[in-house]
Amino acid sequence: MKRIFTCVVCPNGCEIEAEYEGNRVLSVAGNLCPKGRDYVTQELVDPRRTIATSVRVTGGTMPLASVRLTKAIPKNRIFDAMREIGRITLEAPISIGDVVIPNLLGLGSDVIVTKNIPKA
Amino acid sequence: MTHVQAIVVGGGPAGLAAALRLREKGIEDILILERETLAGGILRQCIHDGFGLTRFGESLSGPEYAQRFIDRVAQEGIRCVADTTVLDISSDKTVTAVSRKRGLMQFQADAVLLTMGCRERTRGALAVPGTRPSGIYTAGVAQNYINLQNIMVGRETVIMGSGDIGLIMARRLTLEGAHVKGVYEVLPYPSGLPRNIEQCLNDYGIPLYLSHTVTEIRGRERLESVVVAQCDERFEPIAGTEEEIPCDTLILSVGLIPENELSLAAGVALDARTRGAFVDEHCQTNVPGVFAAGNVLHVHDLVDFVSLEAEQMAESAAEYLNAGSLPACCLEVKAGADIGHVIPQRISGTRDFTLSLRVRKPMRNVTLVLAQKDRTVKRVRLRKALPAEMIQLTVRKADLCEDADLEVYVE
(Lines give C-alpha, C1' and ligand atoms only; values in the text may rest on other atoms or scores of the structure.)
Protein backbone atom coordinates (compact mmCIF):
# COMPACT_ATOMS: atom_id res chain seq x y z
CA MET A 1 0.00 0.00 0.00
CA LYS A 2 1.10 3.56 -0.73
CA ARG A 3 -0.09 6.69 1.01
CA ILE A 4 1.01 10.30 1.37
CA PHE A 5 1.29 11.53 4.94
CA THR A 6 1.66 15.13 6.08
CA CYS A 7 3.97 15.03 9.08
CA VAL A 8 2.69 17.24 11.90
CA VAL A 9 5.75 16.92 14.16
CA CYS A 10 7.20 20.32 13.21
CA PRO A 11 6.32 23.30 11.02
CA ASN A 12 8.24 21.86 8.05
CA GLY A 13 5.12 19.71 7.49
CA CYS A 14 6.97 17.22 5.30
CA GLU A 15 4.93 15.42 2.71
CA ILE A 16 5.99 11.82 3.18
CA GLU A 17 5.31 9.18 0.58
CA ALA A 18 5.17 5.91 2.48
CA GLU A 19 4.89 2.33 1.32
CA TYR A 20 3.54 -0.08 3.92
CA GLU A 21 2.05 -3.50 4.48
CA GLY A 22 -0.41 -3.69 7.33
CA ASN A 23 1.30 -1.86 10.17
CA ARG A 24 4.79 -2.33 8.77
CA VAL A 25 6.48 0.58 7.00
CA LEU A 26 8.49 -0.62 3.99
CA SER A 27 9.84 2.70 2.77
CA VAL A 28 9.46 6.44 3.30
CA ALA A 29 10.50 9.31 1.04
CA GLY A 30 10.27 13.08 1.37
CA ASN A 31 10.92 13.43 5.11
CA LEU A 32 13.66 15.86 6.10
CA CYS A 33 14.47 14.02 9.35
CA PRO A 34 14.11 10.59 10.99
CA LYS A 35 11.10 11.80 13.00
CA GLY A 36 9.12 11.52 9.76
CA ARG A 37 9.51 7.75 9.66
CA ASP A 38 8.55 7.47 13.34
CA TYR A 39 5.50 9.62 12.66
CA VAL A 40 4.33 7.41 9.80
CA THR A 41 4.89 4.26 11.88
CA GLN A 42 2.92 5.77 14.78
CA GLU A 43 0.12 6.94 12.46
CA LEU A 44 -0.36 3.41 11.12
CA VAL A 45 -0.44 1.72 14.52
CA ASP A 46 -1.80 4.28 16.96
CA PRO A 47 -2.22 7.90 15.81
CA ARG A 48 -1.64 10.33 18.69
CA ARG A 49 -2.12 14.05 19.20
CA THR A 50 -1.76 16.66 21.91
CA ILE A 51 -4.57 19.09 22.70
CA ALA A 52 -4.71 22.54 24.23
CA THR A 53 -7.76 24.01 25.89
CA SER A 54 -8.71 26.12 28.92
CA VAL A 55 -10.01 25.61 32.45
CA ARG A 56 -12.07 27.97 34.57
CA VAL A 57 -10.31 30.07 37.18
CA THR A 58 -11.91 31.72 40.20
CA GLY A 59 -10.45 34.66 42.08
CA GLY A 60 -7.94 35.51 39.36
CA THR A 61 -7.27 38.42 37.04
CA MET A 62 -8.59 36.33 34.13
CA PRO A 63 -11.54 33.91 33.86
CA LEU A 64 -9.58 31.17 32.07
CA ALA A 65 -6.23 29.46 32.32
CA SER A 66 -4.88 27.83 29.20
CA VAL A 67 -3.70 24.22 29.59
CA ARG A 68 -2.01 21.62 27.39
CA LEU A 69 -0.94 18.00 27.49
CA THR A 70 2.67 17.08 28.19
CA LYS A 71 2.47 14.07 25.83
CA ALA A 72 0.33 13.05 22.88
CA ILE A 73 -2.65 10.80 23.58
CA PRO A 74 -4.52 8.44 21.22
CA LYS A 75 -6.57 10.46 18.75
CA ASN A 76 -9.77 8.61 19.62
CA ARG A 77 -9.50 9.67 23.28
CA ILE A 78 -9.36 13.42 22.57
CA PHE A 79 -13.03 14.10 23.35
CA ASP A 80 -12.83 11.97 26.53
CA ALA A 81 -9.88 14.12 27.54
CA MET A 82 -11.82 17.33 26.80
CA ARG A 83 -14.70 16.15 29.04
CA GLU A 84 -12.31 15.30 31.86
CA ILE A 85 -10.49 18.64 31.63
CA GLY A 86 -13.85 20.46 31.44
CA ARG A 87 -14.66 19.34 35.00
CA ILE A 88 -11.77 21.33 36.47
CA THR A 89 -11.99 24.72 38.15
CA LEU A 90 -8.81 26.25 39.58
CA GLU A 91 -8.33 28.91 42.17
CA ALA A 92 -5.85 31.74 41.54
CA PRO A 93 -2.95 32.19 41.85
CA ILE A 94 -1.69 29.64 39.34
CA SER A 95 1.56 29.37 37.41
CA ILE A 96 2.89 27.94 34.19
CA GLY A 97 3.75 24.28 34.69
CA ASP A 98 1.24 23.61 37.50
CA VAL A 99 -0.09 20.08 37.01
CA VAL A 100 -3.88 20.17 36.82
CA ILE A 101 -4.47 16.47 36.15
CA PRO A 102 -1.59 14.00 36.47
CA ASN A 103 -1.72 10.97 34.18
CA LEU A 104 -4.92 12.03 32.38
CA LEU A 105 -7.30 9.04 32.01
CA GLY A 106 -4.34 6.76 32.69
CA LEU A 107 -2.86 7.72 29.32
CA GLY A 108 0.55 8.75 30.67
CA SER A 109 0.11 12.45 29.85
CA ASP A 110 -0.27 15.31 32.34
CA VAL A 111 -2.47 18.37 31.90
CA ILE A 112 -0.40 21.45 32.74
CA VAL A 113 -1.17 25.14 33.04
CA THR A 114 0.41 27.37 30.38
CA LYS A 115 -0.40 30.81 31.77
CA ASN A 116 0.38 32.69 34.99
CA ILE A 117 -2.74 34.04 36.66
CA PRO A 118 -2.26 36.12 39.81
CA LYS A 119 -4.96 36.74 42.38
CA ALA A 120 -7.34 39.54 41.45
CA MET B 1 9.70 65.90 26.36
CA THR B 2 11.64 62.90 27.67
CA HIS B 3 14.66 61.64 25.76
CA VAL B 4 14.89 57.86 25.24
CA GLN B 5 17.60 56.01 23.35
CA ALA B 6 15.37 53.31 21.87
CA ILE B 7 11.59 53.12 21.82
CA VAL B 8 10.00 49.80 20.95
CA VAL B 9 6.43 50.23 19.72
CA GLY B 10 4.47 47.12 20.74
CA GLY B 11 5.23 44.47 23.38
CA GLY B 12 4.38 41.38 21.35
CA PRO B 13 6.88 38.69 20.39
CA ALA B 14 8.84 41.00 18.06
CA GLY B 15 9.04 43.89 20.52
CA LEU B 16 10.05 41.74 23.47
CA ALA B 17 12.79 39.95 21.51
CA ALA B 18 14.05 43.26 20.10
CA ALA B 19 14.23 44.94 23.51
CA LEU B 20 16.18 42.02 24.98
CA ARG B 21 18.70 42.00 22.15
CA LEU B 22 19.16 45.78 22.42
CA ARG B 23 20.02 45.29 26.09
CA GLU B 24 22.43 42.44 25.28
CA LYS B 25 24.15 44.80 22.84
CA GLY B 26 24.67 47.34 25.61
CA ILE B 27 21.77 49.73 25.05
CA GLU B 28 20.69 50.88 28.51
CA ASP B 29 17.84 53.26 27.84
CA ILE B 30 15.01 51.22 26.32
CA LEU B 31 11.26 51.79 26.54
CA ILE B 32 8.59 49.37 25.34
CA LEU B 33 5.15 50.90 24.79
CA GLU B 34 2.30 48.37 24.85
CA ARG B 35 -1.35 49.11 24.10
CA GLU B 36 -2.80 46.16 26.05
CA THR B 37 -2.74 45.62 29.81
CA LEU B 38 -0.27 42.74 29.45
CA ALA B 39 2.67 42.18 27.13
CA GLY B 40 2.80 39.14 24.84
CA GLY B 41 0.68 40.33 21.93
CA ILE B 42 -1.34 37.79 20.00
CA LEU B 43 0.49 34.90 21.70
CA ARG B 44 -1.68 35.44 24.78
CA GLN B 45 -4.65 33.95 22.95
CA CYS B 46 -2.74 31.33 20.90
CA ILE B 47 -3.12 28.57 23.47
CA HIS B 48 -2.34 25.71 21.04
CA ASP B 49 1.14 24.21 21.09
CA GLY B 50 3.81 24.12 18.39
CA PHE B 51 5.57 27.37 19.28
CA GLY B 52 9.29 27.41 20.04
CA LEU B 53 10.40 24.27 18.20
CA THR B 54 13.08 26.23 16.36
CA ARG B 55 13.85 28.59 19.21
CA PHE B 56 13.76 26.36 22.29
CA GLY B 57 13.68 22.86 20.78
CA GLU B 58 10.38 22.12 22.48
CA SER B 59 6.73 22.54 21.66
CA LEU B 60 5.23 25.33 23.76
CA SER B 61 1.89 27.08 23.81
CA GLY B 62 1.77 30.77 22.84
CA PRO B 63 1.45 32.06 26.42
CA GLU B 64 4.43 29.97 27.56
CA TYR B 65 6.57 31.17 24.66
CA ALA B 66 5.70 34.80 25.44
CA GLN B 67 6.30 34.38 29.17
CA ARG B 68 9.91 33.31 28.61
CA PHE B 69 10.57 36.69 26.97
CA ILE B 70 8.41 38.64 29.44
CA ASP B 71 10.35 37.14 32.38
CA ARG B 72 13.69 38.06 30.83
CA VAL B 73 12.54 41.60 30.06
CA ALA B 74 11.57 41.93 33.74
CA GLN B 75 14.87 40.43 34.93
CA GLU B 76 16.79 42.87 32.75
CA GLY B 77 14.80 45.74 34.21
CA ILE B 78 13.70 46.91 30.78
CA ARG B 79 10.82 49.37 31.10
CA CYS B 80 7.60 48.11 29.55
CA VAL B 81 4.75 50.59 29.91
CA ALA B 82 1.39 48.88 29.31
CA ASP B 83 -2.11 50.30 28.73
CA THR B 84 -0.40 52.88 26.56
CA THR B 85 -1.34 53.67 22.98
CA VAL B 86 1.13 55.32 20.66
CA LEU B 87 -0.76 58.02 18.76
CA ASP B 88 1.93 59.38 16.52
CA ILE B 89 5.52 58.95 15.43
CA SER B 90 7.11 61.80 13.51
CA SER B 91 9.97 61.49 11.05
CA ASP B 92 12.29 63.16 13.58
CA LYS B 93 11.42 60.26 15.95
CA THR B 94 9.18 62.12 18.34
CA VAL B 95 6.81 59.52 19.79
CA THR B 96 3.46 60.67 21.20
CA ALA B 97 1.56 58.23 23.42
CA VAL B 98 -1.40 58.29 25.76
CA SER B 99 -2.52 56.26 28.74
CA ARG B 100 -5.37 56.61 31.20
CA LYS B 101 -2.96 56.68 34.12
CA ARG B 102 -0.28 58.98 32.76
CA GLY B 103 -2.16 61.07 30.25
CA LEU B 104 -0.36 62.39 27.18
CA MET B 105 3.34 61.62 26.90
CA GLN B 106 6.00 62.70 24.43
CA PHE B 107 9.38 61.13 23.90
CA GLN B 108 12.31 62.05 21.71
CA ALA B 109 13.94 58.78 20.61
CA ASP B 110 17.29 58.19 18.93
CA ALA B 111 15.90 55.02 17.39
CA VAL B 112 12.33 53.74 16.97
CA LEU B 113 11.71 50.03 16.53
CA LEU B 114 8.36 49.31 14.91
CA THR B 115 6.90 46.04 16.19
CA MET B 116 3.14 46.60 15.98
CA GLY B 117 2.29 43.27 14.35
CA CYS B 118 -0.63 42.90 11.99
CA ARG B 119 -4.41 42.91 11.96
CA GLU B 120 -7.03 40.81 10.26
CA ARG B 121 -8.87 41.50 7.04
CA THR B 122 -12.56 41.87 7.73
CA ARG B 123 -15.84 41.33 5.92
CA GLY B 124 -15.72 44.97 4.84
CA ALA B 125 -12.47 44.41 2.94
CA LEU B 126 -14.10 41.54 1.03
CA ALA B 127 -17.45 43.24 0.45
CA VAL B 128 -19.45 40.04 0.95
CA PRO B 129 -23.04 40.93 0.00
CA GLY B 130 -26.02 40.34 2.28
CA THR B 131 -27.46 41.43 5.60
CA ARG B 132 -25.52 42.50 8.69
CA PRO B 133 -26.53 40.06 11.43
CA SER B 134 -24.50 39.13 14.51
CA GLY B 135 -22.49 35.91 14.42
CA ILE B 136 -19.75 37.03 12.01
CA TYR B 137 -16.24 37.16 13.48
CA THR B 138 -12.70 37.26 12.24
CA ALA B 139 -10.78 34.17 13.40
CA GLY B 140 -8.63 36.15 15.82
CA VAL B 141 -11.64 37.80 17.44
CA ALA B 142 -13.33 34.41 17.89
CA GLN B 143 -10.05 33.12 19.36
CA ASN B 144 -9.96 36.03 21.80
CA TYR B 145 -13.56 35.42 22.92
CA ILE B 146 -13.11 31.69 23.42
CA ASN B 147 -9.56 31.54 24.82
CA LEU B 148 -9.37 34.73 26.88
CA GLN B 149 -12.91 35.75 27.76
CA ASN B 150 -14.70 32.39 28.07
CA ILE B 151 -17.39 33.42 25.57
CA MET B 152 -18.51 30.78 23.07
CA VAL B 153 -19.14 32.34 19.68
CA GLY B 154 -21.68 29.90 18.20
CA ARG B 155 -22.66 26.34 17.34
CA GLU B 156 -23.16 25.76 13.62
CA THR B 157 -20.12 27.26 11.98
CA VAL B 158 -18.82 28.00 8.50
CA ILE B 159 -15.27 29.19 7.98
CA MET B 160 -14.41 31.46 5.08
CA GLY B 161 -10.75 31.38 4.08
CA SER B 162 -8.11 28.80 4.98
CA GLY B 163 -5.58 30.97 6.82
CA ASP B 164 -3.79 29.35 9.74
CA ILE B 165 -5.84 31.06 12.45
CA GLY B 166 -9.05 29.90 10.78
CA LEU B 167 -7.74 26.32 10.72
CA ILE B 168 -6.67 26.53 14.37
CA MET B 169 -10.14 27.88 15.23
CA ALA B 170 -11.86 25.08 13.27
CA ARG B 171 -10.19 22.62 15.65
CA ARG B 172 -10.76 24.77 18.72
CA LEU B 173 -14.48 25.19 17.99
CA THR B 174 -14.84 21.44 17.37
CA LEU B 175 -13.13 20.64 20.70
CA GLU B 176 -15.55 23.02 22.43
CA GLY B 177 -18.54 21.20 20.98
CA ALA B 178 -19.40 23.37 17.97
CA HIS B 179 -20.03 21.88 14.55
CA VAL B 180 -17.74 23.19 11.82
CA LYS B 181 -19.50 22.52 8.54
CA GLY B 182 -16.62 23.35 6.28
CA VAL B 183 -13.79 25.67 5.32
CA TYR B 184 -14.28 27.54 2.04
CA GLU B 185 -11.18 28.86 0.28
CA VAL B 186 -11.40 30.99 -2.85
CA LEU B 187 -7.92 29.98 -4.06
CA PRO B 188 -7.32 26.59 -5.69
CA TYR B 189 -4.85 25.79 -2.87
CA PRO B 190 -4.91 26.27 0.93
CA SER B 191 -3.59 29.50 2.49
CA GLY B 192 -2.55 27.79 5.73
CA LEU B 193 0.31 25.40 6.46
CA PRO B 194 -0.05 21.76 5.35
CA ARG B 195 0.39 20.51 8.92
CA ASN B 196 -2.55 22.64 10.05
CA ILE B 197 -4.73 21.23 7.26
CA GLU B 198 -3.79 17.79 8.61
CA GLN B 199 -4.06 18.30 12.37
CA CYS B 200 -6.88 20.85 12.47
CA LEU B 201 -9.16 19.74 9.61
CA ASN B 202 -8.40 16.16 8.56
CA ASP B 203 -8.06 14.93 12.16
CA TYR B 204 -11.60 16.12 12.90
CA GLY B 205 -13.20 15.29 9.56
CA ILE B 206 -13.78 18.95 8.65
CA PRO B 207 -14.10 19.35 4.88
CA LEU B 208 -12.02 21.89 2.95
CA TYR B 209 -13.58 23.26 -0.24
CA LEU B 210 -11.03 24.89 -2.55
CA SER B 211 -12.07 27.37 -5.28
CA HIS B 212 -15.18 28.20 -3.23
CA THR B 213 -16.36 31.40 -1.63
CA VAL B 214 -19.23 32.87 0.38
CA THR B 215 -21.43 34.88 -1.96
CA GLU B 216 -24.21 35.95 0.40
CA ILE B 217 -24.91 36.38 4.10
CA ARG B 218 -28.49 35.89 5.32
CA GLY B 219 -30.25 36.52 8.63
CA ARG B 220 -31.86 39.40 10.50
CA GLU B 221 -30.74 39.55 14.14
CA ARG B 222 -28.46 36.52 14.06
CA LEU B 223 -26.80 34.86 11.10
CA GLU B 224 -29.16 32.23 9.66
CA SER B 225 -27.30 30.95 6.62
CA VAL B 226 -24.60 31.69 4.08
CA VAL B 227 -24.62 30.99 0.37
CA VAL B 228 -21.44 29.44 -1.00
CA ALA B 229 -20.48 28.95 -4.61
CA GLN B 230 -17.71 27.47 -6.66
CA CYS B 231 -15.31 29.99 -8.27
CA ASP B 232 -13.58 30.13 -11.59
CA GLU B 233 -9.87 30.90 -12.04
CA ARG B 234 -10.62 34.62 -11.86
CA PHE B 235 -12.27 34.02 -8.43
CA GLU B 236 -15.70 34.84 -9.87
CA PRO B 237 -18.59 32.72 -8.52
CA ILE B 238 -19.90 30.26 -11.12
CA ALA B 239 -23.64 30.66 -11.68
CA GLY B 240 -25.66 27.59 -10.82
CA THR B 241 -23.20 26.25 -8.22
CA GLU B 242 -24.70 28.19 -5.28
CA GLU B 243 -25.64 26.27 -2.16
CA GLU B 244 -27.30 27.64 0.98
CA ILE B 245 -25.75 26.44 4.24
CA PRO B 246 -27.69 27.01 7.46
CA CYS B 247 -25.35 28.28 10.21
CA ASP B 248 -25.29 30.70 13.14
CA THR B 249 -21.60 31.59 12.93
CA LEU B 250 -19.26 32.67 10.16
CA ILE B 251 -15.54 32.86 10.90
CA LEU B 252 -13.37 34.85 8.51
CA SER B 253 -9.76 33.82 8.00
CA VAL B 254 -8.97 35.79 4.90
CA GLY B 255 -5.57 37.28 5.45
CA LEU B 256 -3.52 39.53 7.70
CA ILE B 257 -2.37 43.08 7.02
CA PRO B 258 0.68 44.64 8.68
CA GLU B 259 -0.45 47.41 11.05
CA ASN B 260 1.33 50.42 9.58
CA GLU B 261 -0.73 53.52 10.45
CA LEU B 262 2.05 54.77 12.71
CA SER B 263 4.76 53.89 10.17
CA LEU B 264 2.99 56.03 7.58
CA ALA B 265 2.79 58.92 10.04
CA ALA B 266 6.57 58.67 10.46
CA GLY B 267 7.05 58.91 6.71
CA VAL B 268 7.96 55.26 6.23
CA ALA B 269 7.50 54.06 2.64
CA LEU B 270 5.49 50.85 2.28
CA ASP B 271 5.87 48.01 -0.20
CA ALA B 272 2.54 47.29 -1.96
CA ARG B 273 3.39 43.57 -2.02
CA THR B 274 4.09 43.01 1.70
CA ARG B 275 2.07 46.03 2.88
CA GLY B 276 4.94 46.53 5.30
CA ALA B 277 7.91 48.88 5.13
CA PHE B 278 10.65 48.85 2.51
CA VAL B 279 13.70 47.88 4.54
CA ASP B 280 17.38 47.31 3.98
CA GLU B 281 19.39 44.41 5.36
CA HIS B 282 19.52 46.23 8.73
CA CYS B 283 15.68 46.21 8.92
CA GLN B 284 15.99 49.98 8.62
CA THR B 285 13.19 51.81 6.81
CA ASN B 286 13.67 54.79 4.49
CA VAL B 287 13.57 56.98 7.63
CA PRO B 288 17.02 56.81 9.28
CA GLY B 289 16.81 55.36 12.78
CA VAL B 290 13.36 53.86 12.24
CA PHE B 291 13.42 50.06 12.04
CA ALA B 292 10.73 47.40 11.50
CA ALA B 293 10.52 43.65 12.11
CA GLY B 294 8.02 40.88 12.67
CA ASN B 295 4.46 40.92 11.34
CA VAL B 296 4.47 44.70 10.92
CA LEU B 297 7.12 44.18 8.25
CA HIS B 298 5.70 41.10 6.57
CA VAL B 299 3.30 38.45 7.84
CA HIS B 300 5.13 35.40 9.19
CA ASP B 301 3.91 31.82 9.61
CA LEU B 302 5.83 31.10 12.81
CA VAL B 303 6.63 33.17 15.88
CA ASP B 304 10.12 31.65 16.09
CA PHE B 305 11.05 33.54 12.93
CA VAL B 306 9.43 36.73 14.22
CA SER B 307 11.73 36.60 17.26
CA LEU B 308 14.79 35.94 15.11
CA GLU B 309 14.04 38.79 12.72
CA ALA B 310 13.38 41.18 15.62
CA GLU B 311 16.74 40.24 17.16
CA GLN B 312 18.54 40.91 13.90
CA MET B 313 16.78 44.27 13.71
CA ALA B 314 17.84 45.08 17.28
CA GLU B 315 21.48 44.29 16.50
CA SER B 316 21.39 46.77 13.65
CA ALA B 317 19.56 49.34 15.78
CA ALA B 318 22.23 48.97 18.48
CA GLU B 319 24.93 49.47 15.85
CA TYR B 320 23.08 52.56 14.61
CA LEU B 321 22.86 53.95 18.14
CA ASN B 322 26.54 53.28 18.85
CA ALA B 323 27.96 54.42 15.51
CA GLY B 324 25.37 57.04 14.50
CA SER B 325 24.70 55.44 11.15
CA LEU B 326 24.71 52.13 9.27
CA PRO B 327 26.50 51.13 6.04
CA ALA B 328 24.60 52.29 2.96
CA CYS B 329 22.49 49.75 1.09
CA CYS B 330 22.53 50.74 -2.56
CA LEU B 331 21.67 47.43 -4.20
CA GLU B 332 18.07 46.50 -4.86
CA VAL B 333 16.72 43.01 -4.22
CA LYS B 334 14.24 42.29 -7.00
CA ALA B 335 11.40 39.77 -6.86
CA GLY B 336 11.57 38.00 -10.21
CA ALA B 337 9.60 35.15 -11.81
CA ASP B 338 7.10 33.43 -9.45
CA ILE B 339 8.33 35.36 -6.40
CA GLY B 340 5.62 37.22 -4.48
CA HIS B 341 7.85 39.41 -2.38
CA VAL B 342 11.31 39.66 -0.82
CA ILE B 343 12.62 41.07 2.47
CA PRO B 344 14.90 43.03 2.64
CA GLN B 345 14.34 45.09 -0.51
CA ARG B 346 17.83 46.70 -0.32
CA ILE B 347 21.25 45.33 0.61
CA SER B 348 24.83 46.55 0.83
CA GLY B 349 26.50 43.59 -0.79
CA THR B 350 29.16 43.80 1.90
CA ARG B 351 27.54 41.70 4.64
CA ASP B 352 25.79 38.41 5.20
CA PHE B 353 22.02 38.82 5.35
CA THR B 354 18.83 36.77 5.75
CA LEU B 355 16.56 36.75 2.72
CA SER B 356 12.85 36.05 3.34
CA LEU B 357 10.46 35.43 0.49
CA ARG B 358 7.22 33.82 -0.60
CA VAL B 359 6.48 32.20 -3.93
CA ARG B 360 3.40 33.21 -5.93
CA LYS B 361 1.93 29.75 -6.53
CA PRO B 362 2.46 26.16 -5.33
CA MET B 363 5.33 24.47 -7.17
CA ARG B 364 7.24 21.20 -6.94
CA ASN B 365 10.86 20.33 -7.65
CA VAL B 366 11.97 23.81 -8.62
CA THR B 367 15.21 25.75 -8.30
CA LEU B 368 15.34 29.10 -6.57
CA VAL B 369 18.02 31.31 -8.10
CA LEU B 370 19.76 34.40 -6.72
CA ALA B 371 21.75 36.26 -9.35
CA GLN B 372 23.64 39.53 -9.80
CA LYS B 373 23.74 40.47 -13.49
CA ASP B 374 24.71 37.19 -15.15
CA ARG B 375 26.51 35.84 -12.10
CA THR B 376 24.75 33.19 -10.01
CA VAL B 377 25.00 33.98 -6.30
CA LYS B 378 23.11 30.99 -4.99
CA ARG B 379 20.94 28.15 -6.25
CA VAL B 380 18.58 26.28 -3.96
CA ARG B 381 16.68 23.16 -4.95
CA LEU B 382 13.18 22.99 -3.42
CA ARG B 383 11.08 19.82 -3.29
CA LYS B 384 8.01 21.92 -2.67
CA ALA B 385 7.46 25.66 -2.64
CA LEU B 386 4.11 26.88 -1.29
CA PRO B 387 2.79 30.45 -0.90
CA ALA B 388 1.70 29.37 2.62
CA GLU B 389 5.30 28.72 3.64
CA MET B 390 7.79 31.57 3.97
CA ILE B 391 11.22 30.65 2.63
CA GLN B 392 14.29 31.99 4.43
CA LEU B 393 17.92 31.63 3.47
CA THR B 394 21.21 33.10 4.52
CA VAL B 395 23.17 34.86 1.80
CA ARG B 396 26.92 35.12 2.41
CA LYS B 397 28.84 38.28 1.60
CA ALA B 398 31.53 36.10 0.02
CA ASP B 399 29.00 35.17 -2.68
CA LEU B 400 27.95 38.78 -3.35
CA CYS B 401 29.48 41.57 -5.38
CA GLU B 402 28.98 45.23 -4.53
CA ASP B 403 27.97 46.68 -7.87
CA ALA B 404 24.84 44.92 -9.09
CA ASP B 405 21.24 44.48 -7.94
CA LEU B 406 20.24 41.06 -6.70
CA GLU B 407 17.53 39.26 -8.63
CA VAL B 408 15.56 36.41 -7.03
CA TYR B 409 13.52 34.10 -9.25
CA VAL B 410 12.30 30.56 -9.74
CA GLU B 411 13.93 28.85 -12.69
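In this predicted model, one face of helix H1 of chain B, made up of B:Pro13, B:Leu16, B:Ala17, B:Ala19 and B:Leu20, meets B:Ala66, B:Phe69, B:Ile70, B:Arg72 and B:Val73 in helix H2 of chain B. Sorted by class, the residues of this contact comprise nine nonpolar and one charged, with no polar residue among them.

Two packed helices are described by the angle between their axes and the distance between the axes. For H1(B), which spans residues 13-24, and H2(B), which spans residues 62-75, the axes come within 10 Å and cross at roughly 35 degrees, and the crossing of H1(B) past H2(B) is left-handed.

Helix H2 of chain B also takes part in the contact between the chains, to which chain B and chain A each bring 24 residues. On the side of chain B that touches chain A, H2, helix H6 (194-201) and strand E25 (375-385) each supply at least two residues, and H6(B) gives the largest share, five residues. The classes of the residues on this side of chain B are set out below.

| Class on the side of chain B that touches chain A | Count |
|---|---|
| nonpolar | nine residues |
| polar | seven residues |

Technical notes. Residues are numbered from 1 along each chain as its sequence is written. Chains are lettered from A and ligands numbered from 1 in the order in which they are written. This is a predicted model: local features need pLDDT of at least 70, side-chain atom pairs count only at pLDDT 80 or more; totals for chains, interfaces and linings use all residues. Axes are lines fitted to C-alpha atoms, for helices over the stretch in contact, and angles run from 0 to 180 degrees between N-to-C directions. Helices (H or I, at least four residues) and strands (E, at least two) are DSSP runs, numbered from the N terminus. A crossing is left-handed if the near helix is turned anticlockwise from the far one by less than a right angle, and right-handed if clockwise. Two residues are in contact if their C-beta atoms, placed from the backbone, lie within 7 Å. Ala, Val, Leu, Ile, Met, Phe, Trp, Tyr, Cys and Pro count as nonpolar, Asp, Glu, Lys and Arg as charged, and the others, Gly among them, as polar.
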